[in-house]
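Dear colleague,

I am passing a structure on to you, and it is placed just below. After it you will find an account of what was found, written for someone who has not seen it before.

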2 protein chains.
Amino acid sequence: MATGRTHRPATRSRGIPEATVARLPLYLRALTALSERSVPTVSSEELAAAAGVNSAKLRKDFSYLGSYGTRGVGYDVEYLVYQISRELGLTQDWPVVIVGIGNLGAALANYGGFASRGFRVAALIDADPAMAGKPVAGIPVQHSDDLEKIIQDNGVSIGVIATPAGAAQAVCERLVAAGVTSILNFAPTVLSVPEGVDVRKVDLSIELQILAFHEQRKAGEEAAAASDGGVPAAAVRSDSTDQGPDGDMPAVMPA
Amino acid sequence: MATGRTHRPATRSRGIPEATVARLPLYLRALTALSERSVPTVSSEELAAAAGVNSAKLRKDFSYLGSYGTRGVGYDVEYLVYQISRELGLTQDWPVVIVGIGNLGAALANYGGFASRGFRVAALIDADPAMAGKPVAGIPVQHSDDLEKIIQDNGVSIGVIATPAGAAQAVCERLVAAGVTSILNFAPTVLSVPEGVDVRKVDLSIELQILAFHEQRKAGEEAAAASDGGVPAAAVRSDSTDQGPDGDMPAVMPA
DNA sequence: ATGTCTTTGTGAACGCGTGCACAAAGATGG
DNA sequence: CCATCTTTGTGCACGCGTTCACAAAGACAT
């Protein structure tokens with residue numbers, strides 16, 4: 001799971017728990033599917049199954065939004081779609097810029113799930129002059145020299161960073177300085193941002209590493225116990241350098 | 001000397017908290033960077049800063065692995081890199097298949113962060129016959145008819161699904177039937193799997209929606225309060241159909 | 001109108017994760 | 001060898017999130 005940073009004791013004001021917010025998009029997706037099949041109402045049990053969560057959890061989540069259900073019947077699909085959309089801020093248009101148009105940046109630009117949720121790719125930005133003008137997903141790539149102007153002209157407040165790790169912090173700072181207050185970071189690095197700026201990160205290799213952990217566990221504890229003994233530092237060193245010269249490196253080659 | 005044949009508590013019921021496991025890759029990344037700069041030791045404070053977490057949390061996380069630090073000094077970087085790698089199962093080679101070679105699948109195939117962590121892309125699989133044989137990231141794409149054989153021949157236990165949502169569940173079932181027990185799912189859909197199979201999901205649009213929520217909050221509570229009153233179902237319907245015909249759609253176009 | 005049946009909304013208990021604060025361990029210097 | 005200083009490892013308390021279990025609310029049939 002990507003984690004938000006900036007740990008405050010929680011927004012005790014309007015207080016929808018973070019965990020609930022993170023599930024709302026899940027519910028919304030399931031509800032949209034039901035809506036397309038013209039299903040009028042749905043029970044917490046059915047919807048929970050479709051969203052892959054516990055029904056009690058779902059009801060508690062919805063209780064934070066208000067009492068939108070009808071006892072004995074369930075929830076009105078269309079109404080709930082609207083309420084959740086509104087709560088998430090998806091009833092308005094969110095212009096987004098993607099910085100770093102490598103393989104991943106291009107994939108994001110082509111990703112259909114954005115447009116269908118109120119997100120509009122306002123611009124694609126890359127540091128490589130050779131990319132400038134080249135259309136990706138029908139949008140011409142612009143050079144990063146114009147980053148600030150692009151942000152301001154389009155009123156962008158959400159930025160996506162898909163650059164190599166080494167460039168991410170600098171890009172982040174320019175985005176923030178230009179007015180961006182929410183950042184989705186795909187670069188494998190920790191971004192430091194001023195108070196008031198939200199960062200969520202998605203690290204593809206971290207997810208795989210977590211799977212590997214569980215996979216190893218499943219593969220049997222006996223193997224781990226066998227190769228247990230203390231390992232000399234020398235062995236360690238050679239092992240880690242074996243990994244190749246890329247080490248912590250770039251998520252995606254930026255053209 | 002952190003080592004010195006620390007006798008394993010053995011009784012450690014292998015109970016490493018999920019939250020800790022999820023942070024180990026973060027520490028590993030930071031440690032790898034230090035290792036490349038030939039930094040010999042690091043304090044919990046420094047490493048925590050580099051990994052973007054609290055130092056107390058980091059020390060507690062490491063305490064689950066054992067006592068690998070030296071009081072008054074800190075942690076031996078190389079030794080810790082090895083211990084965490086071993087704990088995560090990264091000292092062995094993990095063959096991985098990627099199913100669905102669209103924009104995202106191709107980006108994943110090109111992603112450098114995999115190979116550098118012990119993950120090896122054993123095969124690329126796509127349902128489009130036109131893709132078969134075409135090299136992506138230097139690896140020829142194979143047709144999904146051969147999925148089972150590919151899995152078994154390569155001893156693959158980790159699969160990555162980057163297909164459209166509609167195909168994901170079917171692909172998932174074939175992977176599991178062929179012996180895959182860990183799945184990283186990029187398709188925007190809930191996968192149901194038998195007991196013993198781990199699934200982690202990455203949904204790009206969900207992350208953006210969470211950011212939008214906080215962005216809306218930051219943009220001011222007054223706007224939300226103003227447009228609050230009950231909204232008729234009619235308005236809701238038109239709003240949701242405005243979203244276009246893609247609705248819940250595919251993460252990535254597969255070719 | 002009344003009773004029955006279904007499903008919501010939520011109080012309460014519980015468990016996990018986080019952060020504090022400090023004692024113990026070891027390095028370092030005299 | 002002793003004193004001092006640094007940093008780890010962890011006991012403890014707290015708060016968030018999850019789950020259970022059930023009373024209240026409304027639909028529906030008679």
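To begin with a term, two strands pair if DSSP finds at least two bridges between them. In this predicted model, E1(B) and E3(B) meet that condition, since they pair in the antiparallel sense over two bridges, and within this pairing B:Thr41 has B:Asp76 of E3(B) as its bridge partner. These strands belong to an open sheet of three strands in chain B, ordered E1-E3-E2 and paired in the antiparallel sense. Its edge strands are E1 (41-42) and E2 of chain B, each of which pairs on one side only.

A parallel pairing is found elsewhere in chain B, where strand E8 (residues 158-161) is joined to E9(B) by four bridges, with B:Ile161 standing opposite B:Asn185 in E9(B). Along strand E9 (residues 182-185) of chain B, the residues B:Ser182 and B:Leu184 point one way while B:Ile183 and B:Asn185 point the other way, and all of them are buried.

DNA strand C is surrounded by 25 residues, of which the closest are A:Ser44, A:Arg71, A:Tyr75, B:Lys57 and B:Arg71. Of the atoms of DNA strand C that come within 4 Å of the protein, 61% belong to sugar and phosphate.

By residue type, the surface near DNA strand C is made up of seven nonpolar, nine polar and nine charged residues.

For DNA strand D, the number of surrounding residues is 27, and the closest are A:Arg23, A:Arg71, B:Ser44, B:Arg71 and B:Tyr75. Sugar and phosphate make up 62% of the atoms of DNA strand D that come within 4 Å of the protein. From chain A, an N or O atom in the side chain of A:Arg59 is 3.5 Å from a base nitrogen of DNA strand D.

The largest share, four residues, comes from H3(A). The residues of the surface near DNA strand D divide into eight nonpolar, nine polar and 10 charged.

There is also an annotation to consider: an unreviewed UniProt entry places the feature "binding site" at A:Gly100, A:Ile101, A:Gly102, A:Asn103, A:Leu104 and A:Gly105. Of these, A:Ile101 is found in the loop between strand E4 (94-99) and helix H5 (103-110) of chain A. Because its relative accessibility is 3%, A:Ile101 counts as buried. Leaving aside neighbours within four places in sequence, A:Ile101 is in contact with residues including A:Ala106, A:Leu124, A:Asp126 and A:Val141. A:Gly105, in turn, lies in helix H5 of chain A and is buried, with a relative accessible area of 0%. Beyond neighbours within four places in sequence, A:Gly105 is in contact with A:Ile98, A:Gly100 and A:Ala162.

Finally, A:Ala168 has its place in helix H8 (residues 165-178) of chain A, and it counts as buried because its relative accessibility is 0%. Not counting residues up to four places away in sequence, A:Ala168 touches A:Ile161, A:Thr163, A:Asn185, A:Ala187, A:Thr189 and A:Leu191. The C-alpha atoms of A:Ala168 and A:Pro188 are separated by 8.7 Å, with the two residues 20 residues apart along the chain.

With best wishes

Conventions
Residues numbered from 1 in each chain as written. Chains lettered and ligands numbered in written order. Predicted model: local features only at pLDDT ≥ 70, side-chain atom pairs only at ≥ 80, totals over all residues. Heavy atoms only, no water. Near = heavy atom within 4 Å. Nonpolar A, V, L, I, M, F, W, Y, C, P; charged D, E, K, R; others polar. UniProt positions renumbered as here; feature names shortened; annotations may be inferred. Buried < 20%, exposed > 50% of the residue type's maximum accessible area, 1.4 Å probe, protein only. Contact = heavy atoms within 4.5 Å. Polar contact = N/O pair within 3.5 Å; in protein donor to acceptor, adjacent residues only side chain to side chain.
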